[in-house]
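Subject: Handing over the three-chain model

Hello,

Here is the structure I promised to pass on to you. Have a look at it first, and then read my notes below with it open beside you.

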Amino acid sequence: MCAQPADASPTGRVVLDARDITRALTRISHEILERNKGAGDLVLLGIPRRGVPLALRIAERISSVEGFQVPVGSLDITMYRDDLRMKPARPLLPTEIPPGGIDGKVVVLVDDVLFSGRTIRAALDALNDVGRPQAVRLAVLVDRGHRELPIRADFVGKNLPTSLVERVSVRLAETDEIDAVTIDGTIDGTTDATPEGSPA
Amino acid sequence: MKRHLLSAADLTRDDAELVLRTAEELRSLADRPIKKLPALRGRTVVNLFFEDSTRTRISFEAAAKRLSADVINFSAKGSSLSKGESLKDTALTLEAMGADAVVVRHGASGAPHRLAHSGWVRSSVVNAGDGTHEHPTQALLDAFTMWRHLGSLDGRRVAIVGDVLHSRVARSNALLLHTLGAEVTLVAPPTLFPVGIDTWGVETSYDLDAVLPKADVVMMLRVQRERMNASFFPTAREYSRRYGLDGKRMRTLQDHTIVMHPGPMVRGMEITADVADSDRSVIVEQVTNGVAVRMAVLYLLLSGAEGVAGADESENDA
Amino acid sequence: MTAYLIKNVAILGGAPTDLLLEDGVVASIGAGVSADGAEVIDATGLIALPGLVDLHTHLREPGREDAETVESGTQAAALGGFTAVHAMANTEPVADTAGVVEQVWRLGREAGYCDVYPVGAVTVGLAGTQLAELGAMADSAARVRVFSDDGKCVSDAVLMRRALEYVKAFDGVIAQHAQEPRLTEGAQMNEGDLSGRLGLAGWPAVAEEAIIARDCLLAAHVGSRLHVCHVSTAGSVEIVRWAKSKGWNVTAEACPHHLLLTDELAASYNPIYKVNPPLRTAADGEALRAGLADGTIDIVATDHAPHPHEDKDCEWAAAAFGMLGLETALSIVQETMVDPGLLDWAGVADRMSYAPARIGRVSDHGRPIEQGAPANVVLYDPSVRRTVEPSESASLSRNTPYAGMELPGRVVATFLRGTATVLDGKLQ
């Protein structure tokens, strides 16, 4: 059932290494605090699979600055996808809403890569069925462009201009043994004709 | 998973575990303010019931509606057997209505199989109980209930007690629990075992008292009234004495052992009220779990393009 | 009347010779026979068998002319190499009076494809309570000698005894459908490993065997002839073998489908495989083939049972019992008996022509192909293989379990008293 774990030894061009990722997440954490004027009413929801460890890491940083535990959970968007009927049935991933719920809270959705924007559209729908937050923000580790919907991120680890044939891979220690963001494939398409993360 | 769910034998271990895990995610929906998911929006699920079974029908109906499917209930009591419309003509009618899935309950063993494989309909067929054959979603919800209480079913001992001969629940459970690694013991008087039970890959016993102390799960089956006067056993009283689960027998169970019943119960016959209402009894929970499991089945059969679950998983394609 | 000179034909698979059929009889046999004006058939590679005789056919007329008529059923019979069929009594009305059997007999004569010998019911309306007028049917123009409640068992031991005794007066035989009714209430398929798994009510072998054993003892006790219809289990073969070893006057038949098919087919829940008695296990099939080879089973009978499409295009429990058999019987006997070496062509002639005619007391059929015998002959090509195509059947029904199956052999020609009913594989 598990997704194929990404290769632990990345091929492709490394665009963010472990230290870059750490720095980016630290910066995002501070930006969230700054924008939100503190951690009060904040709830972090990671989008499985790799948004969840990212949300946990950001929560940890925020907690260490603020001195209390920020609620963190996960939000599966599988059933809200707009391509559900175009692919084989997908297994569900965990949705865990922190005990305090999201009503009246500022929810920060956390994902690894922002691409077409369709996942976030689905996440907003899923959130709508869970409760009514005061505001919803979006934090992503990588924004690779090519948006298909009017959606933008509030907090971005790195803007990464890419070609559509390129493949952006995020590996995290929690799921893939190492931290790295790599780009595979080139414009002439020598390594991968069907990039992961292509718009659905 | 295959396109249809006709028998518990259609499920590989991976398939069954996928259903259980999916059901686990869906079960939490009951705790949310909006108990609805959009996954099957625009899909039509037909509940085609040739036999009365209110509890199974409303369970499927709730499951389909929580996934936003349109539900048509078609109660066709009195099948072609009673000179009504034939199964085939009913099927063609449903096809014309654009059914994506047909949930069928029928008194004839194999009727869902015929529906799925005779070229009458293109939709997915889910067996909601056929004759004395199978009831695979009941087995899935039973396995799900056990799994939530006991964790992995590998090596777990499950005793299924009662009218195995006529029980579709027993058949589906024996198959599914075997697939999931449990050790199943069927307990019944010899008259209520089918010929060939030795080929089922399960243990059998005529002695309930010998089986109970080792069991992790005890599942009591209903004994239908029409069996009472057909010489399967001398009297209801003798049956209860030898094969009923009462308070005295319950005290021989291990501390963690749970008691199940697919319902509807005949209190005082196969199970006494004090057992049915005890802390060990998960009978009410079985009903709750039924909705989650049927949601999982409908989701996995219907949401995909090909009805093939788990074959594809591309991440971060946002 | 056309005479036929059949050249280079292997009679019962023997050395090729020539055969002249003229004026309704076998006029002469021998290499180099010539006859002016005779139509010459080059039969190189073909086998000549005596016209086949079926002791167990359902022609459905009167009453279910949507399923089969005497005409369509006898056309199917001719295409299968048969020159005589016994039409079972379970029509509507039941063939339990001289009037009904004479009607069926006359319809057969009018159709002209095959001689039709009506089987009379043992009990009034097949109800199993009161003897039908067996003597009246025997004395009728149809000259009934075989009596059967086929489809139903004469389960009442006293009634069975009386029937066995009574028909001695006119050398009749009771053909019993052996099925203990209480043991088979609601039964759908062979009771065994598979019935339990499929949840289809089981049909135990003992329900057949217990009746056969009882009837053998009854027949011995009253000194009558007993014929056992469609023996389907290994145990039944054993009981018949035992009865014969006692010298009792017991004969038995096996159906092609029980020789070839097994109960595993029920796993499809496709009622095309639903038949009474049910398809049994591979071991039962093996015992039947062995019994047919050693003569314990005297004959092959088709139990040709046409049903309209809607009676099979439904759920298993709602479907009718029975399958077509006339047009495929000889091929299946070749497949299951001849090709594996269990029976030679002379044996086939015995099991499918001589013996059934003897049991049915039919004098004009089941005679060896020799000079002066009635020219009831079938020419058969055992070397070809064909795929069964239901739409090609002459039967009005299509319920063949062999659709799409490849079977050996083909009936090339059938002659009824010297007249070709089938030539070049086609009805005349």
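Let me begin with a term you will need: a residue is called buried when its relative accessible area is under 20%, exposed when it is over 50%, and partly exposed in between, using a 1.4 Å probe and protein chains only.

Some ground rules come next. This is a predicted model, in which local features need pLDDT of at least 70, side-chain atom pairs count only at pLDDT 80 or more, and totals for chains, interfaces and linings use all residues. Residues are numbered from 1 along each chain as its sequence is written, chains are lettered from A and ligands numbered from 1 in the order in which they are written, and side-chain values use heavy atoms, with hydrogens and water left out.

**An annotated residue in chain C**

The UniProt record, an unreviewed entry, places the feature "active site" at D303(C). UniProt positions are given here in the numbering of this model, with shortened feature names, and the annotations may be inferred rather than shown by experiment. Is D303(C) buried or exposed? D303(C) counts as buried because its relative accessibility is 5%. You will find D303(C) in the loop between strand 15 (299-300) and helix 10 (329-338) of chain C. Helices (H or I, at least four residues) and strands (E, at least two) are DSSP runs, numbered from the N terminus.

Setting aside neighbours within four places in sequence, D303(C) has contacts with D54(C), H56(C), H58(C), D150(C), H230(C), C255(C), H257(C), N276(C) and M323(C). A contact means heavy atoms within 4.5 Å.

**Chains and domains**

Two pairs of chains touch, and the pair with the most contacts is A and B. Chains A and C share no contact, and their closest C-alpha atoms are 28 Å apart.

Domain bounds come from an automatic or database domain assignment. Chain B has domain 1 (8-134 + 287-303) and domain 2 (136-285), with C-alpha centres 25 Å apart. Between them, 34 residues of domain 1 of chain B touch 28 residues of domain 2 of chain B. Chain C is split into domain 1 (4-47 + 373-427) and domain 2 (51-359), and the C-alpha centres of these two lie 26 Å apart. Here 36 residues of domain 1 of chain C are in contact with 46 residues of domain 2 of chain C.

**Annotated stretches in chains A and B**

In chain A, UniProt (unreviewed entry) gives "domain: Phosphoribosyltransferase" at residues 16-156. That span is 34% helix and 21% strand, and its end C-alpha atoms are 13 Å apart. UniProt also lists residues 107-119 of chain A as "short sequence motif: PRPP-binding" (unreviewed entry); this stretch is 15% helix and 62% strand, with its end C-alpha atoms 16 Å apart.

In chain B, have a look at D154(B), in the loop between helix 5 (136-150) and strand 5 (157-161). With 44% relative accessibility, D154(B) counts as partly exposed. D154(B) and G181(B) are 27 residues apart in sequence, yet 4.3 Å apart in space, C-alpha to C-alpha.

**Pockets and cavities**

On a 1 Å grid over the protein atoms alone, a cavity is a set of points where a 1.4 Å probe fits but cannot get out, while a pocket is an open set with protein on both sides within 12 Å along at least five of seven lines; lining residues have an atom within 4 Å of a point. Grid points are joined across faces, edges and corners, and a volume is the space filled by probe spheres set on the points.

The largest pocket has a volume of about 1000 Å³. Its lining has 31 residues, and those closest to the centre are H166(B), F232(B), E185(C), A201(C) and G202(C).

The second largest pocket holds about 870 Å³. Of its 39 lining residues, N90(C), D150(C), G151(C), K152(C) and N276(C) are closest to the centre.

Enjoy exploring!
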